[in-house]
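Dear colleague,

Please find below the structure that I am handing over to you, followed by a short account of what was found in it. I would be grateful if you could read the two side by side.

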Amino acid sequence: MEKIIFTMEDTKENVEFFIMEQTRVSGVDYLLVTDTEDEEEDGTCYILKDLSASEDAEALYEIVDDDEELTYVSRIFEELLEDVTIER
């Protein structure tokens, strides 16, 4: 899995995530990431939404927390990754 490192805006702390899948829905990019590299280990998954403008040098992501959006995008990731079930 590809590793990405985020710098948290409020704490300036670095957090590592591993990309499980990515998709584009209605022109918006989403990442399904986990906090563990080991595919056999249960980790915490997050769905991140790309908020950056195309001219931005760095990507800007936020964790999806809107229930309707989370449910919709979760179902898409579950279809893309047949062996993954996302608990909401």
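Predicted model: local features only at pLDDT ≥ 70, side-chain atom pairs only at ≥ 80, totals over all residues.

Strand β3 joins strand β4 (residues 45–50) through 5 bridges, and the two run antiparallel. Strands here are DSSP runs (E, at least two residues), numbered from the N terminus, and two strands count as paired if DSSP finds at least two bridges between them. Within this pairing, Tyr30 has Lys49 in β4 as its bridge partner.

Residues are numbered from 1 along each chain as its sequence is written, and side-chain values use heavy atoms, with hydrogens and water left out.

On its other pairing, β3 meets strand β2 (residues 14–25) in the antiparallel sense over 7 bridges. There, Glu21 has Leu32 in β3 as its bridge partner. The hairpin of β2 and β3 has 2 residues between the strands, and Ser26 takes a positive phi near 50 degrees in it. Strand β3 itself (residues 28–34) is mostly covered, with 5 of its 7 residues buried; buried means under 20% relative accessible area, exposed over 50%, and partly exposed in between (1.4 Å probe, protein chains only).

I turn now to the aromatic residues. A search of the whole structure finds 3 aromatic pairs. Rings of Phe, Tyr and Trp (its six-membered ring) pair if their centres lie within 6.5 Å; planes under 30 degrees apart count as stacked, over 60 as edge-to-face and the rest as tilted. One of the pairs is that of Phe6 and Phe17, which is edge-to-face, at 5.7 Å centre to centre and 65 degrees between the planes. Because Phe6 lies in strand β1 (residues 2–7) and Phe17 in strand β2, this pair ties together parts that are 11 residues apart in sequence. Phe6 counts as buried at 17% relative accessibility, and Phe17 counts as buried at 10%.

Phe17 also forms an edge-to-face pair with Tyr46, at 5.4 Å centre to centre and 70 degrees between the planes. This pair links distant parts of the chain, with Phe17 in strand β2 and Tyr46 in strand β4, 29 residues apart. Tyr46 is partly exposed, with a relative accessible area of 27%. Phe6, Phe17, Tyr46 and Tyr61 form one aromatic cluster.

With kind regards

Methods. Helix = DSSP H or I, 4+ residues; strand = E, 2+ residues; numbered from the N terminus.
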